[in-house]
Amino acid sequence: MSIGLYHWIVLSFIILGIGLYGVLTRRNALLVLMSLELIINAAAINFAAFNYYLTPELVKGQIFSIFAIAVAAAEAAIGIAIVIRLYRLQGGVDLTQAAELKW
Amino acid sequence: MIEGICFYLFAALLIFFAYKVVSTDYVLRAATYLIISLLLVAGLYILLNAEFVAAIQILVYVGGIVVITIFAIFLVSRVGAPAVALSMKTKILSGVVVFAVVVVGIQALVTIEGNVPGMTLDVDARSDNARKIGEALLSVESNGFILPFEIVSLLLLGVLIGAVITARTKPE
């Protein structure tokens, strides 16, 4: 039962698919943000897995995972600031109601 | 052997809880399932000999991102009320899109499998990766990451200011 890179990429694809489904079907902005976190995690798992199987003596893939986590933190902070602004603006966080910039 | 069992266990639990994140009706429950999913991802990092990334995952994701998400949940939504679902048509369409993306991706993977070196390589444990990561992040050599490291610190400063400006109330 040896685990190859293939297994990790398939797992990452499945998590990506689940996150994508959440982004497409959720109406609550916070739930969309949580689904985005799942997608970023799928990408970060991929980086670490490629590091482990292709260049185990270097740590470049792990560094990319850390950068992905840092960018995810930035995305979450800005996203939640926008959600709070949206709530003040329209009294809710329903994304189907957020049409302020449409004309 | 034990790695295989751990991988399949963590992967199955991760897929289950990730699905619960996108399918549950209550926002706070989704956040709780997200915490469990992120801890399982940290376990997967340990399987990949990336203990330092696992520690960062728990510190930054569970200790930071999910906590501010939960604060935001308490600020902007009624916790007891179930989230309104989209129509069945949107759900089915999204399911088809997701299925297509995953199937096409895995299909592409099958065609390249075997052409990538080390696809099934078994690697022995290396436990000094925190030292290696620290050296690589601050190294000015050609394989160092000092410039992206500084750019990320600038990004975080910009995010800090941007988040405050975006979320504050106007002083009328």
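1. Chain B of this predicted model has a secondary structure of 6 helices and 0 strands. Read from the N terminus, its elements follow the order α-α-α-α-α-α. The chain has 172 residues, of which 34% count as buried. Where contacts in chain B link residues at least 6 apart in sequence, 53% of them join residues at least 24 apart.

2. The interface between the two chains deserves attention next. The size of an interface is often given as the accessible area lost when the parts come together. Chain A and chain B bury about 7,000 Å² between them, and 79% of this area lies on carbon and sulfur atoms. In chain A, the residues that lose the most area to chain B are Tyr6(A), Met34(A) and Tyr52(A), which together account for 10% of what that side buries. The contact draws on 68 residues from chain A and 87 residues from chain B.

3. A search of the whole structure for cavities of 30 Å³ or more finds 2. The second largest cavity has a volume of about 40 Å³. Residues of both chains line this cavity: Leu30(A), Leu33(A), Met34(A), Glu37(A), Ala76(A) and Ile80(A) from chain A, with Leu34(B), Ile65(B) and Thr69(B) from chain B. The elements that contribute two or more residues to the lining are α2 (29–54) and α3 (60–90) of chain A and α3 (51–76) of chain B. The largest share, 4 residues, is supplied by α2(A). By class, the lining of the second largest cavity comprises 7 nonpolar, 1 polar and 1 charged residues.

4. Helix α5 of chain B spans residues 129–138, and its buried residues are Asn129(B), Ile133(B), Ala136(B) and Leu137(B). Viewed down the axis of α5(B), these buried residues fall within an arc of 100°, so they line one face of the helix. The cover over the buried residues of α5(B) includes α3 of chain A, as well as α3 and α6 (146–167) of chain B.

5. Most residues other than glycine have a negative phi. Asn49(B), although not a glycine, has a positive phi of about 60°. The residue is placed in the loop between α2 (27–47) and α3 of chain B. Its relative accessible area is 16%; buried means under 20%, so Asn49(B) counts as buried.

6. Ser94(B) belongs to helix α4 of chain B, which covers residues 88–112. With a relative accessibility of 4%, Ser94(B) is buried. Neighbours within four places in sequence aside, Ser94(B) is in contact with Tyr21(A), Leu24(A) and Thr25(A) of chain A.

7. Tyr33(B) is found in helix α2 of chain B. Leaving out neighbours within four places in sequence, Tyr33(B) is in contact with Phe17(B), Lys20(B), Val21(B) and Thr24(B). Tyr33(B) and Ile15(B) are separated by 18 residues in sequence and by 11 Å in space, C-alpha to C-alpha.

Key. Residues are numbered from 1 along each chain as its sequence is written. Chains are lettered from A and ligands numbered from 1 in the order in which they are written. This is a predicted model: local features need pLDDT of at least 70, side-chain atom pairs count only at pLDDT 80 or more; totals for chains, interfaces and linings use all residues. Side-chain values use heavy atoms; hydrogens and water are left out. On a 1 Å grid over the protein atoms alone, a cavity is a set of points where a 1.4 Å probe fits but cannot get out, and a pocket is an open set with protein on both sides within 12 Å along at least five of seven lines; lining residues have an atom within 4 Å of a point. Grid points are joined across faces, edges and corners, and a volume is the space filled by probe spheres set on the points. Ala, Val, Leu, Ile, Met, Phe, Trp, Tyr, Cys and Pro count as nonpolar, Asp, Glu, Lys and Arg as charged, and the others, Gly among them, as polar. Buried means under 20% relative accessible area, exposed over 50%, partly exposed in between (1.4 Å probe, protein chains only). The arc is that of the directions from the helix axis to the C-beta atoms. Contact means heavy atoms within 4.5 Å. Buried area is the accessible area (1.4 Å probe) that two parts lose on being put together, summed over both.
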